Amino acid sequence: MLAQLFTSFIATAGFGILFHAPRRSLLQCGFVGMLGWLVYYSTTDSMGPVSASLLATILIGIVSQGFARLYKMPVIIFSVAGMIPLVPGGMAYNAMRQFVQQHYPQALELALSTLMIAGAIAVGLVLSEVLNQIFHNIRFRPQR
Amino acid sequence: MNNHSYPTPEIIEVCLLAGKLMMQNGAETYRVEDTMSRIASAYGISQSHSYVTPTGIFFAINDSEPAKLIRIVERTTDLHKVTEVNSISRKISTGDLSPRAAVKELAEIERGPLRYSNRVQLMAAALASGCFMIMFGGVWRDFPAAVLCGGIGFAAVQYFHRLVKVKFFSEFSASFLIGLLAALLTIVGWGQMMDKIIIGSVMPLVPGLLITNAIRDLMSGHLVSGLSKGADACLTSFGIGAGVAVIISYM
């Protein structure tokens with residue numbers, strides 16, 4: 001578990017460098033990534049990868065928006081590095097492997113699960129944004 | 001707020017340059033449009049229309065000036081530049097920057113070097129590959145192999161991209177190289193789980209930003225840019241997949 005936390009932090013911060021995120025945001029990038037991976041890793045066995053990805057991305061989105069407000073930087077800096085570990089790379093690879101070996105039923109199954117996870121990540125990102133908007137609209141309405 | 005105290009062509013120039021810079025460096029479409037209209041309104045133009053796609057931006061204000069178009073040829077990911085343009089647009093909003101000064105600063109950002117040198121990026125990619133391998137259930141014994149494959153793969157994609165300007169080809173050959181190297185290392189005995197090594201090593205090539213952006217654009221109603229970014233992401237994934245697939249099919 002400790003190894004997972006450590007590697008996910010390094011991997012996401014490394015991705016921050018690949019995306020040329022500003023230097024002072026790298027630690028936060030790593031933190032967001034670590035948090036997302038922690039949630040995904042600890043829930044994927046009980047909830048299945050799709051719900052786990054959804055939960056993790058919602059959390060990543062909310063934390064990224066908080067960081068964006070706090071540090072006055074675009075949200076995308078934090079959210080994109082954070083969601084990279086959740087991208088179903090391994091499953092996509094396995095799907096492709098089955099396709100190449102002409103095991104079409106298994107390949108299709110894996111490909112569809114990959115799509116489902118990608119969809120969950122998408123929905124999670126948007127959902128967190130919607131939650132954020134609702135939260136701020138409710139909080140700021142009395143002042144207007 | 002000073003109403004129309006600056007000539008409109010100058011304002012249009014600032015908006016287009018800012019939009020182009022953001023789009024080139026990986027910002028979301030809605031952010032680009034938002035920034036452009038914010039800059040325009042900060043300079044006293046309340047009505048502006050923009051149509052932003054990944055390959056070009058149209059921008060028009062009121063009816064006195066003709067709409068202008070700017071073409072975007074190459075797109076990379078440089079979130080630092082996006083952040084800098086963002087902070088310039090903030091400065092404009094508070095009224096601290098004239099259009100001429102803004103154009104100058106934006107041009108400086110455009111010419112500015114990449115934030116991290118190639119060597120730092122290469123190290124980051126290699127290290128990240130190793131870490132991803134562990135995260136996806138690999139063993140620590142394979143760490144050096146994944147670092148090596150990831151680093152070489154990332155260097156290859158950059159080198160090939162400079163060599164031929166076809167993105168698909170550079171991604172295909174880089175992932176082919178990764179697959180080949182991982183297979184060789186496994187045969188020699190330096191690596192145990194070829195699958196995990198390959199998955200970890202291709203992660204730096206995966207179009208994560210494009211995928212997020214595409215979805216984000218689609219959901220906020222920018223259908224054209226969403227679809228084209230999605231197509232771009234699919235093509236990249238297909239290139240990576242095909243490169244690895246060639247190796248797997250011979251294993």
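In the predicted model, a salt bridge links A:R97 to B:D195, with the closest N and O atoms 2.5 Å apart. A:R97 belongs to helix α5 of chain A and B:D195 to helix α8 of chain B, residues 194–202, so the pair joins two chains. The distance of 2.5 Å lies between a nitrogen and an oxygen of the two side chains, and a pair qualifies as a salt bridge because such atoms fall within 4 Å of each other. Over all chains, the structure contains 10 salt bridges, but the count between chain A and chain B is one.

The interface around this pair was then examined. Between chain A and chain B, eight residue pairs are in polar contact, with both residues of each pair at pLDDT 80 or more. On the side of chain A that touches chain B, the elements giving two or more residues are α1 (2–18), α2 (26–47), α4 (75–83), α5 (89–100) and α6 (104–140) of chain A. Helix α1(A) provides the largest share of that side, 10 residues. By residue type, the side of chain A that touches chain B comprises 27 nonpolar, eight polar and four charged residues. In total, 39 residues of chain A are in contact with 48 residues of chain B. The two chains bury about 4,000 Å² between them, and 75% of this area is on carbon and sulfur atoms.

The secondary structure of each chain was considered next. Chain A has six helices and zero strands; from the N terminus on, its elements follow the order α-α-α-α-α-α. The C-alpha trace of chain A spans about 60 × 35 × 25 Å along its principal axes. Chain B, by contrast, contains 10 helices and three strands. Its pattern along the sequence reads α-α-β-β-β-α-α-α-α-α-α-α-α, and its C-alpha trace spans about 70 × 30 × 30 Å along the principal axes.

The strands of chain B form an open sheet of three strands in the order β1-β2-β3, with antiparallel pairing. The edge strands are β1 (48–53) and β3 (68–71) of chain B, each of which pairs on one side only. From one strand to the next, the twist averages 10°. In general, the strands of a sheet pair through backbone hydrogen bonds, in either a parallel or an antiparallel manner.

The pairing can be followed strand by strand. Strand β1(B) is joined by six bridges to β2 of chain B, residues 56–61, and these two strands run antiparallel. Within this pairing, B:T53 has B:G56 of β2(B) as its bridge partner. Helix α2 of chain B, residues 29–42, packs on the sheet and touches β1 and β2 of chain B. The direction of this helix makes about 155° with that of β1(B).

On the other pairing, four bridges connect β2(B) with β3(B), which also run antiparallel. Here the bridge partner of B:F59 is B:K68, in β3(B). Strands β2(B) and β3(B) form a hairpin with six residues between them. In the turn of this hairpin, B:N62 has a positive phi of about 25°.

Notes
Residues numbered from 1 in each chain as written. Chains lettered and ligands numbered in written order. Heavy atoms only, no water. Contact = heavy atoms within 4.5 Å. Buried area = accessible area lost by both parts, 1.4 Å probe. Polar contact = N/O pair within 3.5 Å; in protein donor to acceptor, adjacent residues only side chain to side chain. Nonpolar A, V, L, I, M, F, W, Y, C, P; charged D, E, K, R; others polar. Pairing = 2+ DSSP bridges. Axes fitted to C-alpha atoms, helices over the stretch in contact; angles between N-to-C directions.
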